[in-house]
Amino acid sequence: MSGPFPPTAMRSWQYSRTAGGLEKNLTLNPSAPLPTPKPDQHLVQVIAAALNPVDYKPAEVPGLIRFAISKPATPGIDFAGTIVRPANDSPLKAGQLVFGASGATPVAGGALRDFSVSGLKSTAAIPEGVDPIDAATVGVAGLTAYQSIVPHVKHGDKIFINGGSGGTGVFGIQIAKAVGCHVTTTCSTPNVDFCKEIGADEVVDYKKEKVLDVLLLKAKERRYDHVVDNVGSDEELALRCHEFMRSDGAMVIVGGEPSLKAITQIMKRKLLPGFLGGPKGNVVGFWPDQKPEDLQQIAEWMKE
């Protein structure tokens, strides 16, 4: 005979330390208590979860696990699942398939457990015909790609995406093509054909060519209207973006390591004027804004 639903306990992957890597410290708790949603949060039963660098890299920064994360913690932001109890004033109903971003913190989202919580603005309905497993990949990479591209471009624009074969880049190429852009991207040799198959018009193999040299050469014909950097490791691209990007364009820095060097580079971009070594083009950082309408648009494209 089955018990009450939802149950009082669940399975949950948890960690209390990250020394040696978060994945080496995960243990499965078979009887963790269910989370208690706030009025603006849904209680969801998780069907699938997807992992991203943000799920482990910040948690592995020395000191962060001690001061900023309640323990034991459960990683995982991306999820797809079923509404158990909808948030107050939500159009979503109990039993409805949904996807989006789990939890109230980007450091320990909590999707790697049987039940989790998700906010009103970070949850959207899965359209009929979309596999929940596919939808579970959208919350971080898909939303990041959408918001780093769509608000900045129009049909016919020329866009450069640095890092086309990673999670955000794969979404970015397809989203940029969906809104009518000409796409140039970078990847390593084994992924060149893959990037072309998902829509890239031009692919730069960074194993064979220096990316900046290629961009400067292409800029002689036409400069890029918009640039997205999903890698964030080549500071020269940011400092010289004015040479291959239009003056009214923007270079959105998405990628980067949580390190002192990265923080120094961010401060340099923000504070130093061009004549003192800062970027001369419009270089901006990025943090996703939870918008269910953006999630819904991505899901509709997936349905098509």
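1. Strand β6 (residues 115-125) is mostly covered, with nine of its eleven residues buried; buried here means under 20% relative accessible area, exposed means over 50%, and partly exposed lies in between (1.4 Å probe, protein chains only). Helices (H or I, at least four residues) and strands (E, at least two) are DSSP runs, numbered from the N terminus.

2. The model is predicted, so local features need pLDDT of at least 70 and side-chain atom pairs count only at pLDDT 80 or more, while totals for chains, interfaces and linings use all residues. Residues are numbered from 1 along each chain as its sequence is written, and side-chain values use heavy atoms, with hydrogens and water left out.

3. Which strands close into a barrel? The order is β3-β4-β5-β6, with antiparallel pairing; two strands pair if DSSP finds at least two bridges between them. Strand β3 (residues 41-50) is joined to β6 by five bridges, and Gln-41 has Gly-119 of β6 as its bridge partner. Strand β5 (residues 97-102) is joined to β6 by four bridges, where Val-98 is partnered by Ala-125.

4. Strand β4 (residues 78-85) pairs with β5 over five bridges, in the antiparallel sense. Ala-80 stands opposite Phe-99 in β5. Helix α9 packs on this sheet and touches β5 and β6, its direction making about 85 degrees with that of β6. Axes are lines fitted to C-alpha atoms, for helices over the stretch in contact, and angles run from 0 to 180 degrees between N-to-C directions.

5. An open sheet of six strands has parallel pairing and the order β9-β8-β7-β10-β11-β12. At its edges stand β9 (202-205) and β12 (283-285), each with a single partner strand, so one side of each has no neighbour in the sheet. From one strand to the next, the twist averages 20 degrees. Four bridges pair strand β7 (residues 158-162) with strand β10 (residues 224-229) in the parallel sense; at one of them Phe-160 has Val-227 of β10 as its partner.

6. Gly-180 follows α4 and has a positive phi, near 90 degrees.

7. How do α3 (residues 138-149) and α9 (residues 292-303) cross? Their axes come within 10 Å and cross at roughly 100 degrees. The two helices are therefore roughly perpendicular to each other; angles under 35 degrees count as roughly parallel, over 145 as roughly antiparallel, 65 to 115 as roughly perpendicular and the rest as oblique. Among the residues that meet are Leu-143 and Tyr-146 in α3, and Ile-298 and Trp-301 in α9.

8. Leu-26 lies in the loop between β1 (9-14) and β2 (27-33). Leu-26 is partly exposed, with a relative accessible area of 22%. Leaving aside neighbours within four places in sequence, Leu-26 is in contact with Trp-13, Gln-14, Tyr-15 and Pro-75. The C-alpha atoms of Leu-26 and Pro-72 are separated by 9.9 Å, and these residues are 46 residues apart along the chain.

Methods: Contact = heavy atoms within 4.5 Å.
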